[in-house]
Amino acid sequence: MEKPQGVDWTVIILTCQYKDSVQVFQRELEVRQKREQISAGTLILAVEDPETQVGSGGATLNALLVAAEHLSARAGFTVVTSDVLHSAWILILHMGRDFPFDDCGRAFTCLPVENPQAPVEAVVCNLDCLLDIMSHRLGPGSPPGVWVCSTDMLLSVPPNPGINWDDFRGARVIALPGSTAYARNHGVFLTDTQVSGIAFFSVETAEHLLATHVSPPLDACTYMGLDSGARPVQLSLFFDILLCMARNVNRQDFLAGRPPEMCQRDTCVEGYLQGARAELWKELHDQPLTIAYIPDGSYSFMTNSATEFLHNLTCLGAPEPQVVHSQVEESELLASGSSVVSCLLEGPIHLEPGSVLQHCHLQGPIHIGTGCFVSGLDTTQSEALQGLELHDLVLQGHHVKLRDAPSRAFTLVGRLDSWERQGVGTYLNMSWSEFFQKTGIRDYDLWDPDVPAADRCLRTARLFPVFHPSRALGPKDMLWMLGPQDSGGAALRGWRASWRLSWEQLQPCLDRAATLASRRNLFFRQALCKARQVLEARQDLSLRPLIQAAIHEGCAGPLLTTLDQVAASAGDPGVAARSLACVADVLGCMAEGLGGLRSGPAANPEWLRPFSHLECGDLARGVKALAQERDKWLSRPALLVRAARHYEGAGQILIRQAVMSAQHFISKEQVELPVPGHWVVVKCPARVDFSGGWSDTPPLAYELGGAVLGLAVRVDGRQPMGARARRIPEPELWLAVGPRQDKMTLKIVCRSLEDLQDYCQPHAPGALLKAAFICVGIVSISSKLPLRDQLLCTFGAGFELHTWSELPHGSGLGTSSILAGAALAALYRVVGQAVGTEALIHAVLYLEQVLTTGGGWQDQVGGLMPGIKVGRSQAQLPLKVEVEEITVPEGFVQTLNDHLLLVYTGKTRLARNLLQDVLRSWYARLPAVVQNAHSLVQHTEKCAEAFRQGNLPMLGQCLTLYWEQKKLMAPGCEPLAVRRMMDVLAPHVHGQSLAGAGGGGFLYLLTKKPKQKEAVEAVLAKTEGLGNYSVHLVEVDTQGLSLQLLGVEASP
């Protein structure tokens, strides 16, 4: 089954018990909305509980009132009306009580998981998991209403839980297998294995519940009641609100009951609560309550037990440690069964099984033994851990505010210590008496004399220094208790001299804004290290989610600086080019979808200085100059997009330099010069690609390694393109371009070097021919000698060069690259040099870099070499292409000719834009693109085997898969008219694909029956809206490039 659509929440409310946390958690919701975890149209609210002890029921009623009030105002009402609930999906998430292992509560406890599909990289908190479950698993299919979910649990729900919402009314409790101990005190106890912390209220039931907010004493559960002077009342969601709807519960028992959330017995309070329960019974008892049990789910309450907490965050049976959003220098020192989340670990840091590190930047040597949780420490506290071996301890660094002054505090407790008031108390895993004897601390240091013995527990003990009059505090102010060896009791005296707080006293002082800011800062510090490592190690990991995170969190500046540093120091042009492409991505993301298309021109004069440094090979100066120019283009989206284009242009310079390494494989042999005035004529077939296209395109060709299977083909029985050259008496260059050899429509005469300056502008008239003269060495564009002198000194003559192609522009059959090969072959021969076909393949690669069109090697391999072959390049530089001829069964070439057809779609493809999009996706290492690129190479070998077997149906399957791969590589390469054409032809073919990059040009078909040209024409003639198409015969060319020497006026 498909994953259900997510719920488009109308309102999401996060309740919290501290007033100063509201803005902090509001920002966290907004960050998640920016990450697209929450729909942009959802109203998100962090809401303070009216009192710290209103209970889950009181917090629910208050949150429902706030939601209704905001929706009423949004709808234009001046009073709260329940009508706004009728089309609303509301999610209320309760933060719950303080959590001893995370200053921001259970909701923001980070988990050792990451989502590789997330568009924005971020640490995953329990809140994120619950949002995903509520939005994509439990919520879909439910009618409008109110979902209420606690954040004090770790929840697992299958993708399709199968909850039936037909004709639903009332309230519903979601039950899952879980801990009954928690259910008895917090949730709904059903059987020995079923508990819940999630409830749903239909609109009707939510209206009844909302109506109670004006009825005393329930009005005291809301901020409105408290603002009106009402006395607070504590209500439980499950044992008050939901219990009154349950069957087999009578009114008398319900009114007499006492929820386990109530802290202590108070007759007056219980009487007040009975009044509140009576109002609930009156409003809600007639509402039906049902249960939806999800046997494949699980529910684990996050208790105050350190042992259980560590168990939830580690997997002792795992073969590897869990390392998430962390950079670890010596990862071999992390034991299996340990966990590291959002950390920077430098040097030797040993972490034993069952231990967890979170939000730490540490410098070794450090040894953390089994059963430890360490969080919130940075490099300045690393020294305190050196030389120790911790076991079964919880060590945390906290951000606190004391009288509005920010500070740091550190707490240390034992894994086995209990946070509960009842039972025998321990500290640091030992009895209080043993602790007093070991450390010299006395009970009067921890509790005032009037504190009852029953209240003398870990929660109330003033153990934790928060201020020292003469120095900053550190972990040593707690760690000394593990082994007080110092002489004279200096550590004890320092501890006693400090202002100390108990755990309960510390909670209101915690600076949650500073805590989350510190975590974000550390996350990005490790993220910058990750970016550097991914680039320098050439890893196929996408940095785009990290880039998005940096933009959302306002950290683009440090990321740009890191990318500059990697690019400037890179010894590999591929690393430098990818780094510059990442800078372009950062700039593009900063524009936030505004400012125009990413693809566009990149030749603004302001960028010429940095470009010139790169062209000269001075990478460090080039990157520095790029950054200086970039700073002038950050003020608005349009400038950001244009700057991004120029960074991609800078990357193209580095790609060109890498590809130009192919000139190492251009070997030439001196031969006799042709007679002046005599033509050298070169003719070439077109090419059809059957598999692997895009893998030949730089930088994929030398970063991934390419493999393309192509066929040299004649179209309508002719080699459709060629070139001819000769020496002429005039010391000039005569250029001509035309659709046929005997029909030249563009003629250019170059009499000076100035006439050749636009050789690197692909759309300039005759640019390819001009570049060919430069690449062969006939002309040096940088020479001080005029063109006339260069030609006379070296050759004693000028040259005339014609090229022609009978194929339409943008055909997809490799025309420009094959024409480049033909022009180069003719020019080499006319100056008395012979080059082999493999050398010519590399010469075309070089020429296309000079021309600045880029492009790969498959076109010249396909069209210059005869027959059926596979071209390959290894993942290395210099870029070398090797070709293997594919041997097919006897008679299969003719069979192939009978079943192969070309259809010109009438659409001109725009490969340039497609190429830019593909390179952008490759440099971003988008997972789908990386996987598809590997598949293209692998599929080529399977396609070659189909040719060796002479298996037409298998070849058809290869073509069909290949077209799907092309569409994945370059979305948008299939015009609607082409799709319509392919659909009507599908019943008649084994397979079909657009040639080359797609987007238009020629469609080639492998028909089920032989000789189907007329049949295909008939099918297409009956189809409307196809435009100016034409059908052509095609056959495998077994000759390849042909070269002839002819007379002055001879015609080939």
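In this predicted model, one aromatic cluster is formed by Tyr427, Trp432, Phe435, Phe436 and Trp447. Across the structure, the count of aromatic pairs comes to 29. Trp165 sits in the loop between strand 5 (153-156) and strand 6 (171-177), while Phe200 belongs to strand 7 (residues 194-202). The contact therefore ties together parts that are 35 residues apart in sequence. Both Trp165 and Phe200 are buried.

Phe435 is buried, at 0% relative accessible area. Phe436 is also buried, at 15%.

The charged end of Arg172 sits over the Trp165 ring, 4.8 Å from the ring centre. A second case involves Arg500, whose charged end sits over the ring of Trp495 at 3.9 Å from its centre.

Salt bridges number 49 in a search of the whole structure. One of them joins the side chains of Asp445 and Arg496, with an N to O distance of 2.8 Å. Asp445 lies in helix 13 (residues 443-446) and Arg496 in helix 15 (residues 490-497), so the bridge ties together parts that are 51 residues apart in sequence. Asp445 is buried, with a relative accessible area of 8%. Arg496 is partly exposed, at 34%.

Arg538 and Asp572 form another salt bridge, their closest N and O atoms being 2.9 Å apart. Here both residues lie in loops. Arg538 is found between helix 17 (512-536) and helix 18 (544-552), and Asp572 between helix 19 (556-569) and helix 20 (573-590). The pair therefore ties together parts that are 34 residues apart in sequence.

Lys632 and Glu629 also meet through their side chains, at 3.3 Å from N to O. Lys632 is exposed, with a relative accessible area of 57%. Glu629 is buried, at 6%. Salt bridges also form a network, which links Arg27, Glu28, Arg32, Arg35, Asp128, Arg520 and Glu553.

An unreviewed UniProt entry annotates residues 944-1021 as "domain: GHMP kinase C-terminal". Over residues 944-1021 the chain is 55% helix and 15% strand. The end C-alpha atoms of this segment are 34 Å apart.

Key:
Residues numbered from 1 in each chain as written. Predicted model: local features only at pLDDT ≥ 70, side-chain atom pairs only at ≥ 80, totals over all residues. Heavy atoms only, no water. UniProt positions renumbered as here; feature names shortened; annotations may be inferred. Helix = DSSP H or I, 4+ residues; strand = E, 2+ residues; numbered from the N terminus. Phe/Tyr/Trp six-rings, centres within 6.5 Å; stacked < 30°, edge-to-face > 60°. Buried < 20%, exposed > 50% of the residue type's maximum accessible area, 1.4 Å probe, protein only. Lys NZ or Arg CZ within 6 Å of the ring centre and 35° of its normal. Salt bridge = Lys/Arg side-chain N within 4 Å of Asp/Glu carboxyl O.
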